[in-house]
Number of protein chains: 2
Amino acid sequence: MTSPLAGTHVVECASFVAGPTGGLTLAQLGADVVRIDPIGGGSDYLRWPVAPTGESYYWASLNKGKRSVAIDLRNPEGRELVLALATASGRDRGILIDNAVGRPWLAHERLTALRPDLVHVRVQGYPDGRPAVDYTVNAEAGVPGITGSDDWAAPVNHVLPAWDLVTGLSVATGVLAALHRRDRAGEGSFVELALSDVALAGVANLGWLSEAADREGERPRHGNHIYGSFGVDFACRDGARVMVVALTGGQWRALQTATGTAEVFTALERALHADLREETERYRLRETVAAILRPWFAARDLDEVGKELDAARVLWGRYRGMADLVAEHRAQAHEVLADLRLPSGSPAVTARSPLRFSGERGPAGACPALGADTDSVLADVLGLTAAELGGLHDRRVIATPDNPYKEVR
Amino acid sequence: MTSPLAGTHVVECASFVAGPTGGLTLAQLGADVVRIDPIGGGSDYLRWPVAPTGESYYWASLNKGKRSVAIDLRNPEGRELVLALATASGRDRGILIDNAVGRPWLAHERLTALRPDLVHVRVQGYPDGRPAVDYTVNAEAGVPGITGSDDWAAPVNHVLPAWDLVTGLSVATGVLAALHRRDRAGEGSFVELALSDVALAGVANLGWLSEAADREGERPRHGNHIYGSFGVDFACRDGARVMVVALTGGQWRALQTATGTAEVFTALERALHADLREETERYRLRETVAAILRPWFAARDLDEVGKELDAARVLWGRYRGMADLVAEHRAQAHEVLADLRLPSGSPAVTARSPLRFSGERGPAGACPALGADTDSVLADVLGLTAAELGGLHDRRVIATPDNPYKEVR
């Protein structure tokens with residue numbers, strides 16, 4: 001089986017999560033992705049979390065499976081190399097991902113002067129080019145204000161950079177949609193994508209803005225209860241917690257069966273003139289429903305809870321710690337997870353692509369040392385000779401791990 | 001300019017967020033997406049939030065820009081229609097998105113018997129086909145355990161179905177990658193994608209599992225502080241809150257400039273032998289840094305705070321409510337947002353694609369009434385005659401809004 005994107009060449013000139021996630025996604029589907037960094041690394045090169053060696057687990061995982069090229073981006077000669085790599089000729093070249101707002105030397109027009117049919121996807125903060133990050137756009141999209149409980153005065157930020165990840169996959173989608181159009185119509189594309197727009201579209205597409213318009217204000221915060229349905233966490237006897245969900249009628253019946261509460265709820269429905277088969281009724285009476293279910297969980301350890309919920313086909317999940325996940329990975333419980341070596345040889349845990357083609361999981365990809373592929377990429381793609389590469393090294397325009405970095409960060 | 005996916009035909013047989021987000025993304029890039037629902041609607045048809053009319057804002061927004069076909073999926077004749085629509089011939093047909101685990105009649109093998117080069121993307125809960133939803137996989141991926149504050153005993157669930165959204169964009173990416181391979185190599189694809197794998201890959205790719213392995217436990221919960229850097233929320237004099245971030249040296253200098261605190265921090269660095277130019281030092285001393293900055297925000301209303309932060313180019317965002325976003329949308333402040341009419345004519349707020357091609361924003365798409373396109377799609381794609389359609393209606397195999405629904409939900 002050929003990898004879906006085998007033979008496709010992408011240049012990535014981006015940092016932090018969104019752009020690099022786009023490149024990672026394409027690399028794991030078989031594309032050759034060349035990540036270009038400034039010599040010494042960009043502002044994400046040492047981003048937390050870091051290994052005891054000082055290497056960034058974050059950088060390593062988001063940039064695995066790519067080739068790494070280090071170029072002095074302040075040097076005009078270095079900039080010419082970036083332009084040349086991004087616009088190299090060939091049907092499956094000429095694809096660039098960047099987040100280079102405020103870098104006039106990498107303007108779309110300069111690139112299309114070199115290759116008119118370039119596929120160019122640019123990640124922005126705001127659509128007008130002003131900077132923004134996941135943490136700021138999430139606040140602006142209103143999510144922290146409906147997270148957590150109304151007992152807490154302040155908004156609750158999510159820790160997951162969710163909009164970064166959605167933007168990263170949108171980058172991959174944008175690249176492939178533009179590549180499709182270039183294949184069919186010969187047209188290049190300049191695709192811009194703002195983190196802020198992704199966040200606003202995300203909440204709007206869930207219907208949340210329409211509801212806020214009706215309420216003329218924010219919906220209440222219900223802690224761990226699912227809004228508009230039934231789902232909440234329960235503590236087991238041994239202190240483990242589970243998230244239990246009953247969105248559909250079948251899931252609700254299963255939950256009653258597992259916990260032996262069907263008669264209690266039937267009596268409750270009669271007493272309250274309620275019909276808990278309706279999702280909105282389960283939502284309205286969520287505190288009562290949870291209170292009736294809670295003792296069943298509190299009387300059992302997780303093992304027993306899990307067995308009985310599974311036997312009745314209840315929809316549930318255990319609250320796991322990330323350390324638990326690592327232990328499970330070491331017991332080979334999760335095929336999507338994979339081991340990774342940092343450039344120093346130090347171990348790390350990372351992931352393969354969650355997209356399985358014909359049931360197969362591709363490799364996670366190896367983590368390049370910063371600049372490890374500088375010479376080979378410039379030779380392969382631009383045909384530079386050993387003498388030309390030597391000159392670029394002498395003039396400190398490019399770097400490899402063997403040729404000491406100029407520290408320009 | 002042609003839409004990037006103009007002429008591409010996709011059949012979607014999925015529900016809830018992930019699959020439909022994949023279809024929506026492709027529809028907004030110009031694909032003709034036919035969403036197939038059971039007569040009367042699937043289990044997501046009335047999902048909250050709902051309008052005063054009872055219509056689901058959620059369903060309307062996630063399925064806009066698609067054509068809606070209603071078929072009795074329990075009827076063998078109805079199932080044959082779905083198979084025929086999914087495997088219709090034509091270079092840009094034969095693309096199916098589903099989440100139909102446990103529907104043997106829609107097995108991949110049955111589909112490829114009809115069209116061997118089918119592009120088929122299937123959303124799952126777990127990779128072995130067991131069901132899971134965003135709320136359960138998030139608990140299992142460990143995110144609630146590091147969200148919020150260690151002052152709170154329980155984990156904090158996010159309200160944003162982040163993994164659903166990431167999975168939805170992964171579906172779009174998977175479809176386009178498989179389509180690319182079919183174009184180049186003639187091969188079809190069966191792409192499976194589990195919500196659980198998306199969540200595990202998400203946390204692994206951020207380096208969080210590697211860190212938990214080193215710690216042999218969970219990282220501390222810091223409330224609204226950004227982990228490993230400096231960023232936290234501040235209250236302004238008028239009660240508005242802002243999220244302020246200093247990831248880079250430039251952002252940190254800007255924050256000191258705006259708040260007039262450069263000399264304070266210089267003195268603090270001397271007293272503590274610390275170097276706050278280092279991101280990890282700002283993280284270590286986050287409480288002290290925040291305490292020094294807090295009075296500046298508390299002494300000013302949001303308007304003044306915003307002006308001064310912008311003047312100094314500080315990276316910040318305001319905590320907005322969703323009702324604020326709607327008011328701003330009505331003042332045309334957000335081009336990505338758009339008005340939508342529910343089938344009843346009732347208004348809603350939704351979004352266009354955040355992907356802008358050549359600076360243009362495509363239409364958000366209209367919301368179809370359930371089954372509105374049943375007859376026209378079956379006539380167009382399968383060439384059914386008026387008499388054949390009449391027979392299917394008579395046998396209650398298909399439905400349109402004009403031909404009363406059989407209530408089989």
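Analyst: In this predicted model, the largest nonpolar core has 118 residues, and the members that touch the most others are A:L26, A:W163, B:L26 and B:W163. Take B:L26 as an example. Beyond its neighbours within four places in sequence, B:L26 is in contact with B:L5, B:V10, B:A31, B:V33, B:I97, B:A172, B:V175 and B:L176. In soluble globular proteins, nonpolar side chains tend to be buried together.

A:E218 gives another view. This residue sits in the loop of chain A between helix 8 (208–215) and strand 7 (230–235). Leaving out residues up to four places away in sequence, A:E218 touches A:I146 in its own chain and B:G321, B:M322 and B:A323 in chain B. A:I146 is 72 residues away in sequence, yet the two C-alpha atoms are 7.2 Å apart. A polar atom of the A:E218 side chain lies 2.8 Å from the backbone nitrogen of B:M322. For the backbone nitrogen of B:A323, the distance to a polar atom of that side chain is 3.0 Å.

The whole structure has zero disulfides. For A:C367, the nearest cysteine sulfur belongs to A:C13 and is 18 Å away. A:C367 is buried, because its relative accessible area of 12% is under 20%. For B:C367, the nearest cysteine sulfur is that of B:C13, also 18 Å away. B:C367 counts as buried too, at 12% relative accessibility.

Terms used: Residues are numbered from 1 along each chain as its sequence is written. Chains are lettered from A and ligands numbered from 1 in the order in which they are written. This is a predicted model: local features need pLDDT of at least 70, side-chain atom pairs count only at pLDDT 80 or more; totals for chains, interfaces and linings use all residues. Side-chain values use heavy atoms; hydrogens and water are left out. A nonpolar core is a set of buried Ala, Val, Leu, Ile, Met, Phe, Trp, Tyr and Cys residues joined through side-chain atoms within 4.5 Å. Buried means under 20% relative accessible area, exposed over 50%, partly exposed in between (1.4 Å probe, protein chains only). Contact means heavy atoms within 4.5 Å. Helices (H or I, at least four residues) and strands (E, at least two) are DSSP runs, numbered from the N terminus. A polar contact is a pair of N or O atoms within 3.5 Å; within protein, one must be able to donate a hydrogen and the other to accept it, and residues adjacent in sequence count only if both atoms are side-chain atoms. A disulfide is a pair of cysteine sulfur atoms within 2.5 Å.
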